[in-house]
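Here's a walk through one protein model, written for someone who likes to know the cut-offs behind the labels. Have a look at the sequence and structure first.

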Amino acid sequence: MLLTIHNLQVRYGSQLALQIDCPISIHEGERIGIIGSNGAGKTTLVKSILGLTSYKGSIRTNLKPEQIAAHMQSNHYAATMPVKTIMETILDTNIRKNRELQELISYFEFEKCLHKRYSHLSGGQKQRFTIIMVMLQNAPLTFYDEVTSGLDFETRQKLMEKLVNWYQNKSNTLCIVSHYYEELEMLAEKILILDQGKVIAFGEKKELFRKYCGRSVFITDSTKQNQELLREYKKLKSPEHLLAIACPDLETEHKISELLLQENVNFKRSDNDIEIMSTNAKAAYYEREGSAYEDQIMQ
Ligand SMILES: Nc1ncnc2c1ncn2[C@@H]1O[C@H](COP(=O)(O)OP(=O)(O)OP(=O)(O)O)[C@@H](O)[C@H]1O
């Protein structure tokens with residue numbers, strides 16, 4: 001066991017920002033995606049684990065602080081120092097002698113930034129700087145909090161490819177906070193869903209999908225014709241513009257796909273759609289709690 005969280009509570013003034021009642025355990029080598037709407041408590045959870053915010057409850061780990069690396073939404077370095085100096089000092093290395101670091105600098109096209117002062121980097125350049133630093137740290141427990149925000153589409157794709165390859169045969173435990181579900185489809189095996197400071201669900205991505213969606217899901221536009229065409233099948237909660245139909249078994253899957261093909265309807269079939277899965281996990285959670293899901297998304 002790498003880390004366990006028990007009865008965690010974080011308050012900012014009178015606001016209860018995070019309340020985790022059931023124990024959460026993180027094991028070596030796990031890849032965990034942390035998702036939730038704005039203000040759900042994702043960054044607060046990461047900050048609590050890093051000891052950057054005060055909390056009640058227990059967070060236990062045998063890791064030393066230097067064995068935990070984090071890419072946060074905002075990262076601070078000595079503003080007036082050249083980037084190269086910060087990099088070599090913090091990583092205790094020399095770029096000329098470090099092949100791995102040279103390769104990352106070149107992959108992220110960061111060469112020209114090395115001689116600039118940190119405060120003169122653009123937002124995206126600062127982002128790439130921290131990514132390189134965190135990747136090279138190779139810490140047993142690594143957090144990426146919104147690692148691709150502020151990056152253009154091409155750099156985002158490049159970064160995701162690099163992260164997948166970088167960690168492929170490694171045993172680092174990764175916790176990735178992201179609003180981009182396609183990134184988590186590539187990187188995460190477990191998902192922690194937070195909402196309004198509470199844990200909605202935590203588990204293997206595949207198991208959560210089966211639990212809340214079934215074997216697979218068909219997603220089409222939510223037009224009147226599609227609603228009518230698929231009216232006899234089980235509808236899942238979905239963003240308003242979409243119609244999501246649950247398939248409990250292969251037979252239903254065949255029937256629906258034939259019907260959609262016959263009627264020339266564009267559709268997506270998925271057995272790992274994180275957005276539909278988390279929407280339905282939330283709905284189930286609030287139903288159990290006795291409040292309507294619709295009331296919660298209005299807040
Ligand atoms: N330093 C702070 N002081 C006061 N309130 C805070 C502070 N940091 C966060 N909060 C509040 O705590 C709640 C959780 O914030 P947090 O940053 O953890 O959310 P998040 O899930 O990471 O959101 P986002 O997706 O927008 O980054 C929010 O309501 C936020 O306004």
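The unreviewed UniProt entry carries the annotation "domain: ABC transporter", and that covers residues 3-221. UniProt positions follow the numbering used here, feature names are shortened, and annotations may be inferred rather than shown by experiment. Residues are counted from 1 along each chain as its sequence is written. What you're looking at is a predicted model, where local features need pLDDT of at least 70, side-chain atom pairs count only at pLDDT 80 or more, and totals for chains, interfaces and linings use all residues.

Across residues 3-221, the end C-alpha atoms sit 42 Å apart, and the span is 33% helix and 29% strand. Helices (H or I, at least four residues) and strands (E, at least two) are DSSP runs, numbered from the N terminus.

**Around the ligand**

Which residues surround the ligand? They are Tyr12, Ala17, Gly36, Asn38, Gly39, Ala40, Gly41, Lys42, Thr43 and Thr44. A residue counts as near a molecule or strand if its C-beta atom, placed from the backbone, lies within 6 Å of it. Helix H1 (residues 42-50) provides the largest share of this shell, with 3 residues. By type, the shell splits into 3 nonpolar, 6 polar and 1 charged.

Strands pair here if DSSP finds at least two bridges between them.

| Partner of E1 | Bridges | Residue pair |
|---|---|---|
| E2 (residues 15-20) | 5 bridges | Leu8 opposite Ile20 |
| E3 (residues 24-26) | 3 bridges | Thr4 with Ser25 |
| E5 (residues 56-61) | 5 bridges | Leu3 opposite Thr61 |

The hairpin of E1 and E2 has 2 residues between the strands, and Gly13 there takes a positive phi near 65°.

**The six-stranded sheet**

Next up is an open sheet of 6 strands, ordered E6-E7-E8-E4-E9-E10, with mixed pairing. Strand E6 (68-71) and E10 are at the edges with a single partner strand each, so one side of each is left without a neighbour in the sheet. On average, neighbouring strands of this sheet are turned by 15° against each other, direction ignored. E6 and strand E7 (residues 141-145) run parallel and are joined by 4 bridges. In one of these, His71 has Tyr144 in E7 as its bridge partner.

**Two domains**

The protein divides into domain 1 (3-204) and domain 2 (208-298), with bounds that come from an automatic or database domain assignment. Taken over C-alpha atoms, the two domain centres are 32 Å apart. The contact between them takes 11 residues from domain 1 and 8 residues from domain 2; residues are in contact if their C-beta atoms, placed from the backbone, lie within 7 Å. On the side of domain 1 that touches domain 2, helix H6 (181-187), strand E9 (190-195) and strand E10 (198-204) each supply at least two residues. E10 gives the most to that side, with 4 residues. The residues on that side of domain 1 come out as 7 nonpolar, 1 polar and 3 charged.

**The four-stranded sheet**

There's also an open antiparallel sheet of 4 strands, in the order E12-E13-E11-E14. Strand E12 (235-236) and strand E14 (268-270) are its edge strands, each pairing on one side only. Strand E11 (residues 216-221) and E14 run antiparallel, joined by 3 bridges. Val217 has Ser270 in E14 as its bridge partner. Helix H9 (residues 250-262) packs on the sheet, touching E11, strand E13 (242-247) and E14, and its direction makes about 145° with that of E13. Axes are lines fitted to C-alpha atoms, for helices over the stretch in contact, and angles run from 0 to 180 degrees between N-to-C directions.

Technical notes. Ala, Val, Leu, Ile, Met, Phe, Trp, Tyr, Cys and Pro count as nonpolar, Asp, Glu, Lys and Arg as charged, and the others, Gly among them, as polar. Two residues are in contact if their C-beta atoms, placed from the backbone, lie within 7 Å.
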